[in-house]
Amino acid sequence: MENFGFSILKERHIDFNTNSRHIADYISEREPSFRICIECGCCAATCTTGNFTSFSLRELQILLRRGENDKARENINKCMLCGKCTLVCPRGVNTRNVVTLARQAFQKFKADAV
Amino acid sequence: MQFDPFIIPFNIGLYFILIYVVVRSVRWFSGLSRANKLRLQRGFFGKAFGQSIKEIFLESLIHRKILKSNPRLGYMHMSLAFGWFLLILFGTIEADVFGAHHLNAPYKAIFFKFFYPEHGRLGFEALYSFLMDLILAFILSGLVLAIIKRFSSKAVGMKKTTKLRILDKIALTSLWLIFPSRLLAESLTSGAYGTGSFLTGSLGSILASFLPANELAYPFWWLYSLSLGTFFILLPLTRYMHIPTELFLIFARNSGITTGDQPGAFKEIQVYSCSSCGICIDACQLNFSAGITNIQSAYLMKGIRNNENVSDIAFNCLMCGRCDIKCPVGIELTPLRMLSRRAGEIVENERSIIKKYFPDRQPIISTRPASDPSYGFLKQYEPEKTDIIYFAGCMTHLTPSIKNSMIKILEASGVRYNFLDEQGGVCCGRPLMLAGEDREARELINHNSQLIWKSGAHTIVTSCPICYKVFKESYYLDVEVLHHSQFIKNIIEDGSLKLNFLRRKVTYHTPCDLGRGSGVYNEPKDVLKYVARLQETRFEDENSLCCGGSLGNMKISSRQKSKIAHDVVAELTKDNPDIVATSCPLCKKTLSAATTTKVADICEIVADSIVNPDIKKKLTEADWSFKVPAELHD
């Protein structure tokens, strides 16, 4: 690569060549409402787990869509599935099913995880 | 004439099914846990025996529960089951009394007319054949209803009937053929010999007038025997397996065996006891509100029986328990569904014919892989020592008016309490259980249990029926668990809370987890009667509807949920109440989105009507200040 004298911060870098969106595809195939999320953050604001940690469903949605699965995998099991996010969602995303499907997908694709 | 080759199919079928049922029962018995084996033995040789026999007579033969709820459907089931039973019973007596020998082989009773065509001409014999004809007519009337039901289920008062598989259809056809072929065979024989009573006799003489009755009778005896034989051979592979299984189930249940949360032989017994009658389909709101017709309990049971992957069916359910209440066999459908949820996805595989007759034992341990502990971030702390813990629950935090009303009531009642999750607590664990993640739920349960134990409280009051159910069933705590409706009723009755009567008309919506789930029907209504005028709706108590917002369903879309909510609200507001009352924050939230009528939790209504001594005091103070000074009078 050409050296231009400046570099890209690693954490600001979304590399779609190496990221894999298979988890997001798995979810949106089974729960189509995953696609209509507008990332407003209502879910994160009301989250029971978010009260104790920095867990945020909005962040999780974004990470999954970008295919940055490693960070999503670290956090996905923190959800308590209490369902408050489903109730506050202005778009009617079935968030509980999104989380369970994500967990399933991570279990399923565990073997080929990087 | 003592033997004829046409009885062979019947004999093969009969002895096959008798041996099969014995072998299967032994397998089930050996599959029960040690404690349950002891229970069953004690139940079989003890007091429960009489009760079981009574239940078998009333439910398996008479079908009392179906008769009560739907007389036409009940009559159909009764005429086939009870009629057939009577036919066998009286047929055996007939063969024993009027036959050449006593204690005949079963086929003598079933094909009595063939072997004794001259029987039934005079006196008592004629009276007896009249009785036999009457029983046959009784069965045939039910059969006519059954055939009509297949084409138009509305005719027997059912909106939907179960869809069948090919084997079920073959078995159904052979069952349907049994009685008409008996009728024709007996009629033709009677016609040839000039015997028979009002049914077989008259039909026989008509047929004999223009047909060679004696020659035609023989093929129909063959048909009768063949259809019986086919039915018996296919019975273990079809829904008709419920006939022998239900007997075992009734004995097991009356001995005190319950599903609990362990899969095993009792689960299998219940799954095979399902007759796919389809009453659960009619009861299901997903059917009549959301138009989903392939996930009801009958299909779940059928899927489990056929070793299919039922996880999609298992998770698409409100878990409201309406089918549990309606099930005429009394199968614990919701606990069975929870077990299927925990098992997760099952790998489907084609089974050999022997495996179909003798399926493998249900695995005891869940096949879902265990993952690492998820909630390590939860930190224990020392809660304040107190008498009563108030646990609002996640849903109550979303409806702050319920929380604030409860605080007002708790303050007004003057008890020493601690608001455990004031700053947002940990989930109770039931939502995880509903998603089939029991191990994760256990982590949360342990966390909450320790907090409650450390606080030294003797009572937990919760505002959320979901929490209430899990506190009651899955927390092993030595404290009294109360839903706020029970708590409010207690403090009203012991005089610590004084209430005004509001001039409002109220209908009450029973939440699923509180009503059918935990059996709390009357306390919320009693509380409402103190403060408002309670109106009846069409769906009360056990028959109450689910609001549609249930956390039980992981699959349905928000549109389908709101469709259910709209239908429920339409029922609740039929008599134009001022307030739709409920006692669940989730129901409140779901219902209020679907109506313009005010929806309120009972604690909000109660908090509104608290007699507030402070106000009176302030009024008298105000009177003082407005007193006209004495000097102005002059």
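Q: How many bridges join strand 5 of chain B to strand 6 of chain B?
A: This is a predicted model in which local features need pLDDT of at least 70 and side-chain atom pairs count only at pLDDT 80 or more, while totals for chains, interfaces and linings use all residues. Residues are numbered from 1 along each chain as its sequence is written, chains are lettered from A and ligands numbered from 1 in the order in which they are written, and side-chain values use heavy atoms, with hydrogens and water left out. Strands are DSSP runs (E, at least two residues), as helices are (H or I, at least four), numbered from the N terminus, and two strands pair if DSSP finds at least two bridges between them. Strand 5 (residues 505-509) and strand 6 of chain B run parallel, and the bridges that join them number three.

Q: Which residues of helix 13 of chain B are buried?
A: Buried means under 20% relative accessible area, exposed over 50% and partly exposed in between (1.4 Å probe, protein chains only). Nine of the nine residues of helix 13 (residues 265-273) of chain B are buried, so this helix is largely enclosed by the rest of the structure. They are B:A265, B:F266, B:K267, B:E268, B:I269, B:Q270, B:V271, B:Y272 and B:S273.

Q: At what distance from the ring centre of B:Y272 does B:R24 lie?
A: A charge sits over a ring if NZ of Lys or CZ of Arg is within 6 Å of the ring centre and within 35 degrees of the ring normal. B:Y272 is among the buried residues of helix 13 of chain B. B:R24 lies over the face of B:Y272, and the distance is 4.5 Å.
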